[in-house]
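Subject: Structure for you to look at

Hello,

Here is the structure I said I would pass on. Please open it and keep it beside you while you read the notes below.

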Amino acid sequence: MAKDSAELIPVSQLQERYNIKRSALYNRLSALELQPTKVGRRAFVTPADVLRLDALGDHIEAGGTIHDFTEQPSTVEMGALTLAGDDGTAPMAQNANFATFLDAFATRPEPLQTLLNRLDLLEKAATHEWLLPTSDLSMALGLSRRSVGKYPKFERYGFVFTKVGQMGTETSWRVQKAVKPKKKFKR
């Protein structure tokens, strides 16, 4: 066997990891063009394969589908970077890794800007009385569809989200600003 068996992960464990059926797991493997390694009657994947499956799983949890999933370039590990040689030069691969790292870091949205964009969208949805499907609301809140759909009504970021019906195959949600409690003044 070409791969070290100690590194391999049984495919059967992946069904539990993603809480999906066997057929759905094999659909994901096929979409990523991953070929499990067979040892006897059991199938295994590598840790690198699991990272790719995790990325796809996160995408699906966020409301995406297998078909609209695009893999991001793998993140550059800091351990892959080494210091330049004594003559001040560095091999081309190290420069390329560092450039890739800088590009990935530069294109990462600032957390504050992400929050502001999220709040701006929610404000517009409340003001214009938009009804949002679960997939859009989960994306706007940065939550999984499962988390959003757990309750008929919930509050987050000063907004109240209420299930109001169906929008195609998805539940639709009304977005309203949370009502501030009136303060009682003692005299």
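L131 sits in strand β4, which covers residues 131–133. Please bear in mind that this is a predicted model. With a relative accessible area of 38%, L131 is partly exposed. Together with V164 and M167, L131 forms a nonpolar patch on the surface. The three residues have about 210 Å² of accessible area together.

Now the chain as a whole. The protein chain has seven helices and seven strands. Along the sequence they follow the pattern β-α-α-β-β-α-α-α-β-α-α-β-β-β. Of the 187 residues in the protein chain, 27% are buried. The chain exposes about 13,800 Å², and carbon and sulfur atoms supply 54% of that area. Among contacts with a separation of 6 or more, 48% are between residues 24 or more positions apart.

Next, the interior. In soluble globular proteins, nonpolar side chains tend to be buried together. The largest nonpolar core here has 14 residues. Those with the most contacts inside this core are L14, Y18, L25, L29, L32, V45 and L53. Two or more residues of the core come from each of α1 (11–18), α2 (22–31), β3 (42–45) and α3 (47–61). There is also a second, separate core of twelve residues, which includes A126, L132, W173 and V175.

In α1, the buried residues are V11, L14 and Y18. Viewed down the axis of α1, these buried residues fall within an arc of 35°, so they line one face of the helix. They pack against β1 (9–10), α2, β3 and α3.

In α2, the buried residues are L25, R28 and L29. They cover an arc of only 100° around the axis, which puts them on the same side of α2. S23 and S30 are exposed on the other side of α2. The packing partners of the buried α2 residues are α1, β3 and α3.

N19 lies in the loop between α1 and α2. Its relative accessible area is 59%, and the cut-off for exposed is over 50%, so N19 counts as exposed. Just after α2, E33 also has a positive phi, of about 55°. Y157, another residue other than glycine, has a positive phi near 55°. Y157 is in the loop between β5 (153–156) and β6 (159–167), and at 34% relative accessibility Y157 counts as partly exposed.

Last, the charged pairs. Side chains of opposite charge can pair when their charged atoms come close. How many salt bridges does a search of the whole structure find? It finds five, and I describe some of them here.

- R52 and E71 form a salt bridge, with their closest N and O atoms 2.8 Å apart. R52 is in helix α3 and E71 is in the loop between α3 and α4 (92–106), so the pair links distant parts of the chain, 19 residues apart. R52 is partly exposed at 27% relative accessibility, and E71 is partly exposed at 40%.
- R146 and E61 meet in a salt bridge through their side chains, at 3.4 Å from N to O. R146 lies in helix α7 (residues 145–148) and E61 in helix α3, so this pair ties together parts that are 85 residues apart in sequence. E61 counts as partly exposed, at 32% relative accessibility.
- E123 and K177 form a salt bridge, the closest N and O atoms being 3.1 Å apart. E123 lies in helix α5 (residues 111–127) and K177 in strand β7 (residues 170–177), so this pair ties together parts 54 residues apart in sequence. E123 is partly exposed, with a relative accessible area of 29%, and K177 is partly exposed, with 49%.

Regards

Terms used:
Residues numbered from 1 in each chain as written. Predicted model: local features only at pLDDT ≥ 70, side-chain atom pairs only at ≥ 80, totals over all residues. Heavy atoms only, no water. Patch = residues over 30% accessible without salt bridge, like charges linked within 9 Å, V, L, I, M, F, W, Y side chains within 5 Å. Areas by Shrake-Rupley, 256 points an atom, 1.4 Å probe, with all protein chains shown as cover. Salt bridge = Lys/Arg side-chain N within 4 Å of Asp/Glu carboxyl O. Helix = DSSP H or I, 4+ residues; strand = E, 2+ residues; numbered from the N terminus. Buried < 20%, exposed > 50% of the residue type's maximum accessible area, 1.4 Å probe, protein only. Core = buried A, V, L, I, M, F, W, Y, C linked by side-chain atoms within 4.5 Å. Arc of directions from axis to C-beta. Contact = heavy atoms within 4.5 Å.
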